[in-house]
Structure formats: C-alpha cells, structure tokens
Amino acid sequence: MSFKVYNSYSRQKEVFESITHGHVGMYVCGPTVSGESHLGHARPYITFDVLYRYLTHLGNKVRYVRNITDAGHFEEEGREAEDKISNKAILEKLEPMELVQKYTNLYHWAMLQFNCVEPSIEPTATGHIVEQITMIEKIISEGYAYEKNGSVYFDVKKYAAHYDYGKLSGRIIDDLLETTRELDGQEEKKDRADFALWKNAAPEHIMRWKSPWGEGFPGWHIECSAMATKYLGPNFDIHGGGMDLQFPHHESEIAQSTICNHTAPVRYWMHNNMITINGKKMGKSYNNVIKLTELFSGNHPLLTQAFHPMTIRFFILQSHYRSTLDFSSEALVASEKAMKRLWEAYENLQKLEVGDTVQGEDAEIETKVLNWLNELPEFMDDDMSTPKVLANMFEIAPIINSIKDGLIKTNALSSSTLQKMKDSFKLFLEDILGLQNVSATDNEAFKGVMQLLIDIRKEAKGKKDFATSDKIRNQLIELGIQLKDEKGGEMSWTVA
RNA sequence: GGUCCUGUAGCCGAGUGGCUAGGCAAAGCUCUGCAAAAGCUUCUACACCAGUUCGAAUCUGGUCGGGACCUCCA
C-alpha cells in the first residue's frame, strides 16, 4: 500500500516518495496579509493541514513551510506601481507593518479555530529581502534576467527556449504572447511574457528596500522561490496552493528556481480547487467573498446562522480537494448536522465497553465493519479521498448507536474489532482529519451540574412528576442543551 | 480568442465500464408519558444526441449549459 497524490505537473496520480526517506519538505503559499481571510482561503489551509497530518501519520518528519506575504504586490503590472499594503495603509492612516500585524494576527486566530497545525516555519517576505535580492542577482548572472530603469525582469522567452515554460499550467508560450492584454508601460520589458523580479519604487511608495538596482521592492513570485529554497533546499518534495496560483505564480517559481539552482524545485505540485458561490469562484475580484469572521458570527446576508469553524472544516472535507465546492448556507447547515451526528456516534463508541468476547456473534456485521475500517487508509492513500473516509464512518455510526441502544447485542463484535473501531475513529477523525469536539462544555464542573439536573429529573420521572421533568428539559433547551431519554431510563445531553 | 475543467436525485457531494457512496431535507414505522435523539424503511439520479461494448454515469464524437486560467486572486 502506498500513498498516491495527484501531481499537477504530470497531471496524474503518482506514488509519493520523498527525496530523503522519512523526511518531507512541503511548501504552501500562505496569505497576503493585506485583508481578512475568507472562506476560499480556508480550503488550502485545511487541505494541506490534512496532508501534513497524514504524512506525519505515515511516519515522516515533515518540515512544513507556509509563508506570510507581507510585502504586497502590484495592483497591475505596468500601471502606476501601487503596493497594496502601503496603499491601504495610507487610507487607513496606519503604518504598513501595523496593518500587516493586524491581519497576521487575525489569520493566526482563524487557523487556530480550524485546528490547523502550525507550520514548522512561517517566513515573511519582508524578512527575506536579502535572500530575494541574492537570488535575483544569481538569475541575472546566469543571463536570464535584465535590469531596466531600476527594475529587473525575468527573460521568459530565453527561458522557454531551453526549458519547458508553461508545462505546469498547460500553457503555450506563443498563445500567451498573442493573447496577453495590452497594458500601458510595457516598454521596459523585452517581451510581454516577462515578469518582474524587482520593481523600482515610485517616490510615494512606502514599502521600499535598497538593492543593487536602486530602491524598490520584490516582484510577485520571487519571495516564494527564495524562502522555499532557503528552508527546503533547491529541490524539495511538495509545493501546494490554490489552483488559481498555477499561473503565473507557480509557473514563474519554477522558472526562477530552475535557473538559480540548476534544478527543478519541486517533485509534487499539489493544487486545491476553488470554493464557489452560486457556481462562481469566491474571490476578491468577483466581490462575492464571505469572510471567516462573518461565517463564525453569521453576520452576512447569505447566512442563516453562525457556523462553527469545525463545521467549515467538515464541510470542506466532505468534498475532494480537487473538485470545486459550492457554498450555500443550506449546505453548511447539512454539514453541521452531519458532523454532530458523527461526533456523537464517536463519543458513544468511546463509552462502549470492550468485553471479553473472543468471537463476534454476528459475523456479517463484524465483516462489514472490518471492511469499512480497512478501507479508511486506502482512501487516504488514494490522493486523500476524505469524502470516502467520512462516508465509511457514517456507515459505521448506526452500528455504534445500535450497540449503545441495545438494538445490536454488545458482543456482536469481537473485542478486537471494537478496539479497532475506537483506534480508527480516533486516528482518522481527530489526528488525520483534524476534527474536534465542537462542544464548549468539556469541563468537569459543568458536567457535574448536568449530572445533578439529570438525577433530579430521573427522580421526578420516577414519580411521574412530568411537570418538573419537562421543566428541566424545556429550560435546558432554551439554553441550547438538549436532553435525550434513552432506553432503560438513562439520560444524556448534547449542546444543540 | 487560446488552454483546461465540468454538468450526478429537492440541496451538498463520492464515483476505478458490470457489485447502483455518503450527508442534509422529506415521508412512514419502532422506541417513548410526551418530545427530542437513535434505529429501520422509502424516495435509485447520472444535461441531450449518436457511437464503441455482452454491458456506459464512467470510453469516443457531437450539441447545449456552467466554470477556471490567460490580470492581484486560495
């Protein structure tokens, strides 16, 4: 059994083998901290978080590098150079780095809500200006970049003559040349396909650094190349990001790094698909984003309620990362209910006693359960088929609940199978998919109080004092806590 | 215009040519003082038209939708 991933570069699933056995280098394009993260941003972070968790589970030591883009990029190349971050800072009367800090903090907070594992290294673009300049100098000395009026451009045409430019994004350089839009101020470039490595800063530009070509700031793509090379080496295992970054961002990264390091930088390119809303990509340019803070608070016209971050995570994992995922409040409500049901089954499972039974009495159930469990790693191995993992768990959930309710005999399953269920659920649900209990009541004092109420209600019910019994139940409902009467007079509760 | 992806039941979504995912919603039943929860059952879909095949949601061609990238974008 081996882990297969879809490599965007070869356009097929490949068996994953790291360059150094037992170690994996992984780079994921992080956020541009010039604004708040939205639902679309959540997808790559959750997708690659699961990848990181799975690789770790497989026994790898993973160095996970995820950058913070805090230097800003051009609004549009060739136009009056505007640094997004510094531009907005002026409007808001904030120091650029103050803005950067604000959105970085917000981003970190959101990642925490999603239960995303922190990356091993989280480098910032502004912290690696020296490395970027060094890299640009190297590219110039190799003859694949040229300086003009304080800016430096990458010579795409020359590169394409020797290397396969456009392979990752499936682009043909001649098509690019013909279809690149007419832009102002292109005269600096030798060729329209060329992209900036370094941009000369206009006087009003706040974010600027000294360089061999005068004061300026780095181009769009060089930061990722520089930081990936620094922390993962000239040739590393996985580079991830959203599909919309394939071109020009990742294509350019390949070109820069290849010239600089004399080797293709990445073994496996992995891209997540977009989250759509009414079938259209959620994105800044479409003005249809739903920010994470809006999602968590329910404060948005398209939302019928607030959604817990774990609901979002679950929602994302219910689809395959390379498919588009269409957002709607309705779909999130469905995910919320589904996750709640699955999680309760998981909690019920943990309470089931492992008996001394040697053999399952119901061979049919035993076999089915074992098959479902055995498929879980196979699904993960198949390019992270998280929807299938969850589907199998939903197959098992009714069996757990039936055992708990006595509808299936406790010893229907052998103790080893029951133990395997417990281990597998813990492993896949918590460790690999990174899901967490959404209940905020995981607290001994609170549980004690609940037990007290349950005891009182049991007494009342025993005396057929349904007024008291209903009062407890109804008032708890108003507080968002739901009591459930179970077989044999037992009661349990969940947060609605 | 170029390149590519896609069209699966009310909704969200898996789907490797034959074993007809899963979730939500809906309906019925069981359990129950009532309710909720849980369990069982039902609803069996692949845009359209041809073709290949013993057999196609899955392969091929065409038609019609939808979308992405080519420009900052996860």
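User: What makes strand 3, helix 1 and strand 4 a right-handed β-α-β unit?

Analyst: Strand 3, helix 1 (residues 39–57) and strand 4 make this right-handed unit. Right-handed means that, with the strands pointing away from the viewer, the path from the first strand over the helix to the second runs clockwise. Helices (H or I, at least four residues) and strands (E, at least two) are DSSP runs, numbered from the N terminus. The model is predicted: local features need pLDDT of at least 70, side-chain atom pairs count only at pLDDT 80 or more, and totals for chains, interfaces and linings use all residues. Residues are numbered from 1 along each chain, chains are lettered from A and ligands numbered from 1 in the order written, and side-chain values use heavy atoms, without hydrogens and water.

User: How do you know that strand 3 and strand 4 pair?

Analyst: Pairing needs at least two DSSP bridges between two strands. Strand 3 (residues 23–28) and strand 4 (residues 61–66) have six bridges, in the parallel sense. Val24 has Val62 of strand 4 as its bridge partner.

User: Why is helix 15 called roughly antiparallel to helix 16?

Analyst: Helix 15 (residues 444–462) and helix 16 (residues 466–478) pack at about 150°. Angles run from 0 to 180 degrees between N-to-C directions, with axes fitted to C-alpha atoms, for helices over the stretch in contact. Under 35 degrees is roughly parallel, over 145 roughly antiparallel, 65 to 115 roughly perpendicular, and the rest oblique. Therefore helix 15 counts as roughly antiparallel to helix 16.

User: Why do strand 5 and strand 8 stand at the edges?

Analyst: The open sheet has the order 5-6-7-8, with antiparallel pairing. Strand 5 (145–148) and strand 8 (216–218) each have a single partner strand, so one side of each lacks a neighbour in the sheet.
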